Amino acid sequence: MKNFLSLSLLLAFLLTGCFDFQKNLPQGPWLGVIRIDSAVSDMDLPFNMVYEKNIEIEAMYVLNAGETIAITEIDRVGDSVYMKFPVFVSEIACQFRHDSLVGRYYPKGIAAGTSYAFYAVPGVEERFPFL
């Protein structure tokens, strides 16, 4: 009985730690990738992002050359994250997987249906880290 109680407490502690990550994206740099063609990795479109959250704002900043796009419409449902680009109708719908985001990029919005694979990893500042 004592071992069962110890195991239950350990399991509860570990699960609480996992769910805490789901509530808190790591702040700082991220490398986002849109896979244009699922069969050809040469068709990957990498881009840099920076996540920031404080009392005043929660935003994912997409960096492209000299342009910065601030995504401030970020919704969370369970382990899912939905980000809607301002001005454009583009959306990203993704889930937490380990330490990354994995999902779909919808260039004309979720309602249009056309999508591409999307993933993002935290802590990567280079746009082409594998070259």
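Me: Are F85 and Y105 buried or exposed?

Reply: This is a predicted model. In it, F85 is buried, and Y105 is buried as well.

Me: How is a pair of aromatic rings described?

Reply: Two quantities describe such a pair: the distance of the ring centres and the angle of the planes. The structure holds two aromatic pairs. In the pair formed by F85 and Y105, the ring centres are 6.2 Å apart and the planes stand at 80°, so the arrangement is edge-to-face; the cut-off for that class is over 60 degrees.

Me: Which parts of the chain does the pair of F85 and Y105 tie together?

Reply: F85 belongs to the loop between β6 (80-84) and β7 (91-97), and Y105 to strand β8 (residues 100-106), so the contact ties together parts that are 20 residues apart in sequence.

Me: How many salt bridges does the structure contain?

Reply: A search of the whole structure finds three salt bridges. The criterion is a side-chain nitrogen of Lys or Arg within 4 Å of a carboxyl oxygen of Asp or Glu. One of them joins D44 and R35, with an N to O distance of 2.7 Å. D44 counts as partly exposed, at 22% relative accessibility, and R35 is likewise partly exposed, at 25%.

Me: What is the N to O distance between E58 and R76, and where in the chain do these residues lie?

Reply: The side chains of E58 and R76 meet in a salt bridge at 2.5 Å, N to O. This pair links distant parts of the chain, with E58 in strand β3 (residues 58-64) and R76 in strand β5 (residues 73-77), 18 residues apart. R76 is partly exposed, with a relative accessible area of 28%.

Me: With which residue does E73 form a salt bridge?

Reply: The partner of E73 is K84, and their closest N and O atoms are 3.8 Å apart. E73 lies in strand β5 and K84 in strand β6, so the bridge ties together parts 11 residues apart in sequence. Both residues are partly exposed: E73 has a relative accessible area of 41%, and K84 has 33% relative accessibility.

Me: Which residues form a nonpolar patch on the surface?

Reply: I36, V40, M43 and L45 form it, and together they have about 300 Å² of accessible area. Among them, M43 is found in the loop between β1 (28-35) and β2 (44-53). At 40% relative accessibility, M43 counts as partly exposed.

How values were computed: Residues are numbered from 1 along each chain as its sequence is written. This is a predicted model: local features need pLDDT of at least 70, side-chain atom pairs count only at pLDDT 80 or more; totals for chains, interfaces and linings use all residues. Side-chain values use heavy atoms; hydrogens and water are left out. Rings of Phe, Tyr and Trp (its six-membered ring) pair if their centres lie within 6.5 Å; planes under 30 degrees apart count as stacked, over 60 as edge-to-face and the rest as tilted. Helices (H or I, at least four residues) and strands (E, at least two) are DSSP runs, numbered from the N terminus. Buried means under 20% relative accessible area, exposed over 50%, partly exposed in between (1.4 Å probe, protein chains only). Patches are made of residues with over 30% relative accessible area and no salt bridge: like charges are joined within 9 Å, nonpolar side chains (Val, Leu, Ile, Met, Phe, Trp, Tyr) within 5 Å. Accessible areas come from the Shrake-Rupley method with a 1.4 Å probe; for residues, only the protein chains shown count as cover.
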